[in-house]
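Please keep the model open while reading.

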Amino acid sequence: MKSFMVFFILFIQLFAENKDFDMYKKETKKEGNTLLIIGGIHGDEPGGYFAPAFLEKYYKIKSGNLWIIPNINGHSIMANSRGIYDDMNRKFSLIDKNDPDYKVVTRIKDIILDKKVDLVLNLHDGHGFYRNKYENAIFNPNAWGQATIIDQEKINGLEKFGNLDEIASQVTSALNNDNLFKDYHSFGVKNTETKFKDEQQQLSLTFFAVTHNKPAFAIETSKNITDLTHKVIYQLKSIEEFMNIMHIEFERDFDMNNYDDIQKKIFDFGTVKINDNIAFDLSDIKKTTRFVPLKQDKNDFKFEHTLGTVKFKDNVYELYIGNINVSNFYPQVFELAKTKEKIKIEVDGKVIETTFAKQVDIKNEFKILKSNFRVNIIGFSKSGLDSEDGVLIKEEDILDNYSVDNSKTKYRAEFYKDGKFYGMIVLNFSKDKN
């Protein structure tokens with residue numbers, strides 16, 4: 001069995017190639033510094049990739065520039081693994097061209113070395129809680145969590161942000177003087193003294209950067225903090241302090257200390273649009289969705305969330321936001337067709353028009369008006385009907401176990417003609433009946 005596993009790993013590494021990452025540039029017309037933020041180099045460290053995804057969605061940059069890469073190690077993020085092709089953060093000194101991470105590592109090196117980049121942050125979750133002196137197995141100098149990591153005290157001869165220890169100390173001081181969720185969540189500065197003391201760190205992304213005169217830091221929140229929202233908030237506060245140091249002005253329309261609001265935003269997974277004729281809200285979607293009308297292959301999934309991705313396995317489409325498997329779609333294969341025709345629906349006594357891949361909000365009742373399509377409302381049944389249009393329907397007329405969401409308010413209306421699937425509309429019975 002051991003020899004088989006070795007062969008299997010070698011086979012995967014020989015023929016696989018990691019998913020390419022996304023980069024989002026929040027740039028302004030005002031001259032200023034550029035901060036490069038890299039998340040997800042270790043796929044089992046969700047604080048390190050949900051924070052940059054949050055940053056991309058909810059922050060506005062007013063001066064200076066912010067480059068955000070939330071998902072550098074896409075396959076490992078889906079697998080919730082440190083690195084399914086071994087540790088990506090040990091491949092920045094030398095990497096074989098046949099390595100599945102080769103294209104990703106080569107591309108990120110080029111971005112780091114871009115003359116416009118002034119400072120690099122690599123985001124992580126580390127074990128334990130870093131302390132200067134040994135306290136116990138969790139709080140000690142060998143821990144990595146709750147620390148700003150530097151490879152050396154400074155970059156000699158570099159005036160602009162070359163004082164690494166001074167900057168890291170300023171960031172940690174700001175964090176510790178802010179609202180910590182627990183007193184023991186305090187941050188420290190960990191200098192790995194990489195060149196002289198840590199051969200493994202000599203292979204890392206940050207050491208590659210500093211040896212090319214690019215100031216680089218790692219932010220490590222603790223894996224021992226199990227609340228994702230806590231870790232994201234600590235990451236964001238760290239990033240904000242770096243932006244302050246770099247004179248990058250930003251705006252956000254939320255209170256950083258409002259835990260409930262930030263948690264709600266983190267778990268707002270947005271929608272996925274499939275083949276431009278189906279759309280699902282992923283924030284409250286059921287774990288399993290069956291008989292989804294799809295093509296035999298080459299189905300196009302477009303996620304609103306920057307960490308959204310899909311994996312096809314054993315005839316099931318597994319949908320992920322980061323390392324969270326939000327739903328599994330079991331396909332029912334159809335030939336797809338397109339139309340510009342709009343659908344008319346009488347909603348609570350008022351006729352509206354809509355297109356496919358939309359949601360229609362309903363308070364009490366609806367009727368899909370007659371058209372050239374055969375209509376199938378999943379969970380509704382009435383004898384003698386071949387097409388379920390022209391019928392006034394209330395929420396109680398639909399079996400709630402056919403809802404697409406856990407709150408049991410959303411249902412599928414599917415449209416067919418000549419045996420082909422044209423599209424779907426989500427019927428949402430709003431809880432607000434006022």
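How many bridges join strand S19 to strand S22? Three bridges join S19 (residues 343–347) to S22 (residues 365–368), and the two strands run antiparallel. The model is predicted, and the points below are grouped by topic.

**Four-stranded sheet**

- S19 and S22 belong to an open sheet of four strands, ordered S20-S19-S22-S24 and paired in antiparallel fashion.
- The edges of this sheet are strand S20 (350–354) and strand S24 (393–394); each has a single partner strand, so one side of each has no neighbour in the sheet.

**Three-stranded sheet**

- Another open sheet has three strands in the order S13-S12-S15, again with antiparallel pairing.
- Strand S13 (278–281) and strand S15 (301–303) are at its edges; each pairs with a single partner strand, so one side of each is left without a neighbour in the sheet.
- From one strand to the next, the twist in this sheet averages 20°.
- Strand S12 (residues 271–274) is joined to S13 by four bridges, and the two run antiparallel.
- In this pairing, Thr 271 stands opposite Asp 281 in S13.

**Helix pair H8 and H9**

- Two packed helices are described by the angle between their axes and the distance between the axes.
- Helix H8 (residues 228–245) packs against helix H9 (residues 259–266) at an angle of about 100°, and their axes are 10 Å apart.
- Angles of 65 to 115 degrees count as roughly perpendicular, and H8 and H9 are therefore roughly perpendicular to each other.
- On the H8 side, the contact is made by Leu 228, Thr 229, His 230, Val 232 and Ile 233.
- On the H9 side, Tyr 259, Ile 262, Gln 263 and Ile 266 make the contact.
- By class, the residues of this contact are six nonpolar, three polar and no charged.

**Largest pocket**

- Rolling a probe the size of a water molecule over the atoms shows where empty space is left.
- The largest pocket holds about 340 Å³ of space.
- It is lined by 17 residues, and those closest to its centre are Arg 290, Phe 291, Ile 378, Tyr 402 and Arg 412.
- Strand S14 (288–294) and strand S25 (410–417) are the elements that give two or more residues to the lining of this pocket.
- S14 gives the most to the lining, with four residues.
- The lining of the largest pocket divides into six nonpolar, seven polar and four charged residues.

Methods
Residues numbered from 1 in each chain as written. Predicted model: local features only at pLDDT ≥ 70, side-chain atom pairs only at ≥ 80, totals over all residues. Heavy atoms only, no water. 1 Å grid on protein atoms, 1.4 Å probe; cavity = no way out; pocket = protein on both sides within 12 Å on 5 of 7 lines; lining within 4 Å. Points joined across faces, edges and corners; volume = space filled by probe spheres on them. Nonpolar A, V, L, I, M, F, W, Y, C, P; charged D, E, K, R; others polar. Pairing = 2+ DSSP bridges. Axes fitted to C-alpha atoms, helices over the stretch in contact; angles between N-to-C directions. Parallel < 35°, antiparallel > 145°, perpendicular 65-115°, else oblique. Contact = heavy atoms within 4.5 Å.
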